[in-house]
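This note sets out several points that may guide a first reading of the model below. Please keep the structure open and follow each point on it in turn.

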Amino acid sequence: MQNNSLYPIHPGESLSFSGNYRDAIFGDTLLKHPNHDRFSYLDTAQDYNLNSSGYRGPEFSKNIDLLVSGCSFTYGIGIPENGTWGSILSRSMGVSYNNLSLSGASIGWMTRQLFAYFKEYGNPKMLICLFPNPTKLFFASDPDILVSDDGYVETSTQDADGRKSLYSTTLHEVRQPKDRPEYSRRPHNLKDIISLDFVIQTCMQNIRMLEQYCRATGIKFLWGTWSKDFSHMIENQGLIDLYDFSSYVPMDDELWSRRDGPLSIDLFYKNQSSRESCLSNHIGKKCDCHESCHADLAAGYGESFYRGTDVFENHPHFGVHRHIHMAESFMSRMQSN
Amino acid sequence: MKQGTESSSLPSNTGNLSIFSGKYRDAIFDNKMIRYAVNNRTHEADAIQTYSLNSDGYRGPEFSKNVDLLFAGCSFTYGMGVPEEAIWGSQIAAKLGLSYNNLSIGGASIPWIVKQLFAYFNEYGNPKVLICLFPQLERTFLPIDPDFLKTGVRHLERSTMDLDENKSIFNIDLSNLKKNSDRPEYSKRPHNVEDVISKDVLVYLSIQNIRLLEQYCKSSGIEFLWGTWSSSFCHFMEEDDGLLNNYEFDGYVKLQQKMWKPRRLNSYPDIYWETEEAKLKCKSEHGRGPCECKSSCHQDLLEIYGDNFSMATDTLRGHPHYGVHRHAHFAESFIDAMSANWKNPDNAKQ
C-alpha cells in the first residue's frame with residue numbers, strides 16, 4: 001500500500017503512517033507472515049511448514065475447536081510440528097486446532113493477533129496461551145525518538161520508507177534504575193527509558209482483557225507461562241492468592257532442570273524428592289538422571305525428545321518431552337473443569 | 001481480593017527489578033475496576049456545578065448489572081461544567097427511556113477507558129449499548145516509576161498509589177509534545193516523558209485498545225458506537241485519505257465537529273452553524289472578530305440552562321469544555337447512529 005496518513009500534531013507538522021506500518025496500527029486484520037523465515041534457515045534439522053498466513057500448523061479455519069498461541073516455545077523451535085504441545089493436545093483431545101505463534105512474540109503481540117484472529121475466523125471453543133515473560137513489549141518505533149537495539153522487527157509491519165515498524169522487544173535484562181545511564185541521547189534506547197512497571201502493566205492488562213473476552217463469549221481459556229520469573233511472581237510471591245487467576249495453569253517448572261548451553265537437555269523429576277536426590281548426588285557433575293515417563297515416545301522423536309535444536313545462543317528451547325508435560329498440564333486442568 | 005497491603009516483586013537475572021504494593025499492585029494485577037471513592041479531582045474548583053458521585057466515585061447512577069446503556073469517556077462525558085442530566089449520555093438515556101451508567105473521569109485516556117470498561121464488564125456484565133466519546137490519541141495510561149520518568153502533564157490517580165506513595169498510574173496528556181526536532185538531544189534520568197516518548201507509541205496503544213473493544217462488543221452482542229471530541233483525531237478519521245476511507249471502523253460516529261466554533265479560552269460560548277453555508281457566511285462577515293451568530297436550534301434547552309447552554313463553567317485553564325448545546329448535538333448524532341430498535345423506546349426494552 002502506497003498511501004500515507006498524516007496525523008496532525010503541530011501546525012505544519014504531522015506524524016506519518018504509511019505502508020504496512022499504517023495497516024498494522026490502524027487495521028484490524030491479522031498480521032500475516034507469508035515469507036516468515038526468521039529462523040528456519042538457521043535450523044535445518046526441522047521442517048517448518050507454514051500455512052498460507054505464515055504460521056506453523058494447519059491452515060487457519062473458522063470456528064476451530066482449539067486455538068493455541070505463544071512465542072517460539074509454542075511455535076516449536078527445534079522440534080517437529082507433531083511434537084509441539086498444541087499439536088499433542090489437539091491429538092489427545094481429538095479436536096481441530098490452529099497455532100497462532102511466532103518466535104519472539106510478546107503478550108502484546110499475542111493479544112493483538114488473537115483479537116484479529118477472532119474477527120477473521122470466529123471464536124474457538126478453547127483458547128490456550130503459553131505466555132512469554134511479561135517484560136516483552138510490543139511497540140511502535142520512531143527512529144527519531146525511541147528505538148530498540150534488540151527487538152524483533154516485524155518486517156511485515158514496515159512503513160513505505162522502511163524506517164518505522166512494530167517491534168516485540170524484550171526488556172527482561174533491563175537494568176536496575178541506579179545502573180541505567182544517567183544521560184540518554186536521542187534517539188533514546190527503550191531499555192534506558194521505559195520502566196519495567198509500564199511493560200508489566202501493559203502485559204497484565206492484555207491478559208485481563210483476553211480473560212474477560214473469553215468469559216463473555218464462552219471460550220474456555222487457560223494460560224500458563226514458560227517464564228520462571230513470571231510463574232515465580234504468580235505462584236511464589238502470592239499474586240495467585242490475592243487476585244483472580246483462575247485461568248492460570250502452573251507448568252510444574254520446579255520439576256525440571258536444564259543443562260547449560262544451547263544444546264541443553266531437559267531433565268524431568270517426577271517429584272520434588274527425586275529432584276533433590278539427584279541434585280545432591282550429582283552436584284557439580286554431569287547429571288544423567290532422566291525419568292522414564294513417556295519413554296515410549298522417545299524413540300519416535302529421537303533427539304528432539306530431550307532437547308530442542310536451538311538456534312539462539314543462551315536461550316535454549318524445550319524438547320518434545322517437556323511439551324508433552326505442558327500438554328498434560330493443560331489437559332488435566334481442562335478435564336478438571 | 002485481599003487488600004493490597006503487601007508487596008510483590010518480579011525476580012529477574014539482575015535481581016528484584018520492581019516492587020508492587022498497595023493499590024498500585026491492585027491496579028496493575030487485579031481484574032477489578034479502579035474506584036474513586038474520594039474523587040474530588042475537578043469539582044472543588046468548579047463552584048457552580050454539583051457533582052454527585054455514586055459509591056464507586058463516578059458521576060451518575062449507582063453501577064448495576066446489565067444496564068441498558070453504558071457510556072464512557074473523559075471530562076466531556078463526565079460532564080464538567082454542566083448538570084448531570086444535560087450530559088450527552090444522560091440525554092440519550094432520557095430520550096430513549098434507557099437505564100444507564102457513566103464510566104468517565106476527568107483526564108481519562110483511551111487505554112484507561114478501555115481497561116476500565118473490561119473491568120466493568122467483568123463486574124457488572126455487558127450493557128446492551130456502549131457509547132464512548134474518546135479523547136485525543138496522545139493521552140495514555142502510564143505507571144510512573146519516579147526513578148525513570150517524570151511528567152508535568154498528568155492526572156495523578158491517587159487511588160492507584162503504592163504503599164510508599166511513591167508510584168502510581170497516571171493518565172497523562174502528551175498532545176503538546178514538542179516537535180521531534182525541538183526535543184532536547186540529551187535527557188537526564190529521571191527523564192521527562194515529554195522528551196523521550198514517541199507519539200507513534202501513544203497512537204498505537206490508543207487505536208489497538210479501540211480495536212480490542214470493537215471485537216469484544218461484536219462478539220458479545222453489544223451495540224458499540226464511538227466518536228471523539230478531539231479535532232485532530234476527528235480530522236485523522238474523516239479527511240479524504242483518512243482512516244475511515246481505508247479501514248473498517250463500523251462504530252465510528254461523525255459528531256459534526258466542523259460545524260462548531262469555539263470562542264476564546266476559559267469562558268467561551270460554543271457557536272453552532274446548522275449548515276456549511278451559514279458557517280462560511282459568518283466567517284466572511286466577521287472574519288476573526290467577535291461573532292454574534294447563534295443557532296436557533298434547541299431554544300428549549302436555552303431557556304432551561306441559561307448560560308450553561310452555550311458554555312460550560314470551566315475549571316481547567318486553557319482547556320475549555322462544552323455547554324449543554326453541544327452535548328445535545330452529540331446525543332442527537334449518537335441516537336441517529338443507533339440501530340432502529342433503540343430509537344423507539346417501546347421496542348428498546350424488548
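1. In chain A of this predicted model, 4 strands build an open sheet in the order 4-3-5-12, with parallel pairing. The edges are strand 4 (97-101) and strand 12 (220-225) of chain A, each of which pairs on one side only. On average, neighbouring strands of this sheet are turned by 15 degrees against each other, direction ignored.

2. One residue pair can be located directly: G70(A) has L130(A), in strand 5 of chain A, as its bridge partner.

3. Chain B also has an open sheet of 4 strands, in the order 4-3-5-12 and with parallel pairing. Strand 4 (100-104) and strand 12 (223-228) of chain B are its edge strands, and each pairs on one side only. Strand 5 (residues 129-134) of chain B pairs with strand 12 of chain B in the parallel sense over 6 bridges. In this chain, L133(B) stands opposite G227(B), a residue of strand 12.

4. Which strands of chain B does helix 3 lie across? Helix 3 (residues 88-96) of chain B lies across strand 3 (69-73), strand 4 and strand 5 of that chain. The helix runs at about 170 degrees to strand 3 of chain B.

5. The next point concerns the contact between the chains. The contact takes 82 residues from chain A and 85 residues from chain B. The size of an interface is often given as the accessible area lost when the parts come together. Here chain B and chain A bury about 7400 Å² between them, and 58% of this lies on carbon and sulfur atoms. On the side of chain B, F29(B), D200(B) and Y204(B) lose the most area to chain A, and together they account for 10% of what that side buries.

6. How do helix 1 of chain A and helix 6 of chain B pack? Two packed helices are described by the angle between their axes and the distance between the axes. Helix 1 (residues 19-26) of chain A and helix 6 (residues 199-220) of chain B pack at an angle of about 45 degrees, and their axes are 8 Å apart. Helix 1 of chain A is therefore oblique to helix 6 of chain B. From helix 1 of chain A, Y21(A), A24(A), I25(A) and F26(A) take part; they meet D200(B), V203(B), Y204(B), I207(B), Q208(B) and R211(B) in helix 6 of chain B. The residues of this contact divide into 7 nonpolar, 1 polar and 2 charged.

7. Salt bridges deserve a separate point. The structure holds 21 of them over all chains, and 7 salt bridges are found across the interface of chain B and chain A. R185(A) forms a salt bridge with E185(B), with 2.7 Å between the closest N and O atoms. In chain A, K119(A) forms a salt bridge with D28(A), and here the closest N and O atoms are 3.4 Å apart. This pair links distant parts of the chain, 91 residues apart: K119(A) is in helix 4 (residues 107-121) of chain A, whereas D28(A) is in the loop between helix 1 and strand 3 of chain A.

8. The last point concerns the backbone. The peptide bond between R186(A) and P187(A) is cis, with omega about -5 degrees. P187(A) is located in the loop between strand 10 (183-185) and strand 11 (188-189) of chain A. In chain B, a cis peptide bond leads from R189(B) to P190(B), with omega near -5 degrees. P190(B) is found in the loop between strand 10 (186-188) and strand 11 (191-192) of chain B. N66(B) is not a glycine, yet it has a positive phi of about 50 degrees. Its loop lies between helix 1 (22-29) and strand 3 of chain B.

How values were computed: Residues numbered from 1 in each chain as written. Chains lettered and ligands numbered in written order. Predicted model: local features only at pLDDT ≥ 70, side-chain atom pairs only at ≥ 80, totals over all residues. Heavy atoms only, no water. Pairing = 2+ DSSP bridges. Helix = DSSP H or I, 4+ residues; strand = E, 2+ residues; numbered from the N terminus. Axes fitted to C-alpha atoms, helices over the stretch in contact; angles between N-to-C directions. Parallel < 35°, antiparallel > 145°, perpendicular 65-115°, else oblique. Contact = heavy atoms within 4.5 Å. Nonpolar A, V, L, I, M, F, W, Y, C, P; charged D, E, K, R; others polar. Buried area = accessible area lost by both parts, 1.4 Å probe. Salt bridge = Lys/Arg side-chain N within 4 Å of Asp/Glu carboxyl O.
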